Amino acid sequence: MYRRKHPRLRQSDITVTEEAQVKRAVKATALGNAMEWYDFGVYAYLAVIIGKEFFPSGNATAQTLSSLATFAAAFLVRPIGGMFFGPLGDRVGRKKILALTMIMMSTATLAIGLIPGYASIGVWAPVLLVLCRMVQGFSTGGEYGGAATFIAEYAPDKRRGFWGSFLEFGTLIGYTVAAVLVTTLTALLSDDAMRSWGWRVPFLAAAPLGLIGLYLRLKLDESPAFQKMEEGDGAAAERQKKSLKESFVGQWRAMLLCVALVAAFNITDYMLLSYMPTYLTQLGFGETGGLLSIVVVMLILMALINSVGRLSDRIGRKPVLMAGSVGFFVLALPAFLLIKRGGTVAVFTGLLILGLALVCYLGVMSSSLPALFPTDVRYGSLSIGFNISVSLFGGTTPLVVAALIGATGNDLMPAFYTMLAGLVGIVAVAAMKETARKPLEGSPPSVATDEEARELVEAQRQP
């Protein structure tokens, strides 16, 4: 009975992906992810200027809140994008959808750089800005789930944490490039020049960056896991129907776990990488100094992230994720007290403490989330769960925290919100199963060499 339900693996059943193939897939996918977060990072770092440019003059706080609300608007349509692109990616393949989302994202970002300000076209300026942000959000709804799925399905089981960490490495590259460009422009240009045309430069740069990412993605082959599923059964229409239904019904436990993990991850991610420049400015810390501190912290995280992913391949995903969750719950208040104290050393130390906790998520999340779902509904389920959570908790973080500070007058509210995210993370990690060094659900084992495949087949013959 057991053997009928669990037949022996043949060597032809095992997926062998050579390192050169994995590297090509990771490079193209991570670069696309970098492009996505470059776009979002530029907007976050220019939120104050965008508020002045696109919204009526008056209360500076109201302008900043309006700009942050527009930032959050992109996240409201992300679940719709996930529901559209995710199941489509399970039907037609990961590669085609990732190319399409790249085109839409870079085009919308370029368009933001071309919109005239409120002084020129009045109310149409914020209307067009919101429209572009919604196109960004819609396309991004299919980006992360597909990118994480693509890398996870290419990577050998024993190194999925290491290769998956490059996706978030791309995130940090995007944020870093955005921060460096904005900081350079702010330092070189006068306030008037920055407001009149300088802020547009980072958005216009999206066009060439998007073309590079699109070229690399179009050169890739489809993921091995999807190809094997296609060879196994050609019922594409049935899979499409199954994807959306299974995402909400058959996968509801995994979906809830995904939402909780992503909530903890994204609240802390957006707190540090998106909201912090605005927060430091409001505390009176120099805008250029604040961005430089964040850039240095991100460079440190980039140096660590692949080692964290490799560590999770050895000791498991859960211990690493738990370390990050506990770190946020215990260290958030001391970190923000340091930041509030002011001074370059204190601010940098506080940011670094938050960053070291965040890198535990960054290095592991891209390999943990795809493993929650089976192959035939992985893209759709992950895209929907991820984007629902990001919309509710991640993208709204800057707006919610700014509103909480305004309502209470307590500038430590970001610390308390971060602690809450850490607590959610602790509960979610405790509930998840360990997936390190194991095949993805619904897929055969994946290895790096033919020799490893032979060893797996031989191991089944051992008494």
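1. Terms and basis. Helices (H or I, at least four residues) and strands (E, at least two) are taken as DSSP runs and are numbered from the N terminus. The structure is a predicted model, in which local features need pLDDT of at least 70, side-chain atom pairs count only at pLDDT 80 or more, and totals for chains, interfaces and linings use all residues. Residues are numbered from 1 along each chain as its sequence is written, and side-chain values use heavy atoms, with hydrogens and water left out.

2. Helix H16. Helix H16 covers residues 252-282 and bends by about 60 degrees at Tyr 275; the bend at a residue is the angle between axes fitted to the seven residues ending there and the seven starting there. After H16 comes Gly 284, which has a positive phi, near 95 degrees.

3. Burial of H16. Buried here means under 20% relative accessible area, exposed means over 50%, and partly exposed lies in between (1.4 Å probe, protein chains only). Of the 31 residues of H16, 25 are buried, so the helix is largely enclosed by the rest of the structure. The C-alpha atom of Ser 274 is separated by 19 Å from that of Ala 205, and the two residues are 69 residues apart along the chain.

4. Salt bridges. A salt bridge is counted when a side-chain nitrogen of Lys or Arg is within 4 Å of a carboxyl oxygen of Asp or Glu. Side chains of opposite charge can pair when their charged atoms come close. The whole structure contains 10 salt bridges by this search. In one of them, Arg 94 pairs with Asp 90, and the closest N and O atoms are 2.9 Å apart. Arg 94 is buried, with a relative accessible area of 0%, and Asp 90 is buried, with a relative accessible area of 0%.

5. Glu 153 in turn meets Arg 378 in a salt bridge, where the closest N and O atoms are 2.8 Å apart. Here too distant parts of the chain are linked: Glu 153 lies in helix H9 and Arg 378 in helix H21 (residues 378-394), 225 residues apart. Both Glu 153 and Arg 378 are buried. Through shared partners, salt bridges join Asp 90, Arg 94, Glu 153 and Arg 378 into one network.

6. Cavities. On a 1 Å grid over the protein atoms alone, a cavity is a set of points where a 1.4 Å probe fits but cannot get out, while a pocket is an open set with protein on both sides within 12 Å along at least five of seven lines; lining residues have an atom within 4 Å of a point. Grid points are joined across faces, edges and corners, and a volume is the space filled by probe spheres set on the points. Six cavities of 30 Å³ or more are counted by this rule. The second largest cavity has a volume of about 70 Å³. Its lining includes Thr 15, Glu 153, Asp 157, Arg 160 and Leu 440. Helix H9 (143-154) and helix H14 (224-232) are the elements that give two or more residues to the lining of this second largest cavity.

7. The largest pocket. The largest pocket holds about 370 Å³ of space. It is lined by 15 residues, of which Ala 371, Leu 372, Lys 433, Thr 435 and Glu 441 are the closest to its centre. H16 provides the largest share of the lining of the largest pocket, with three residues.

8. A loop residue. Arg 437 is located in the loop between helix H23 (413-431) and strand S2 (446-447). Although Arg 437 is a residue other than glycine, its phi is positive, near 65 degrees. Arg 437 counts as partly exposed, at 45% relative accessibility.
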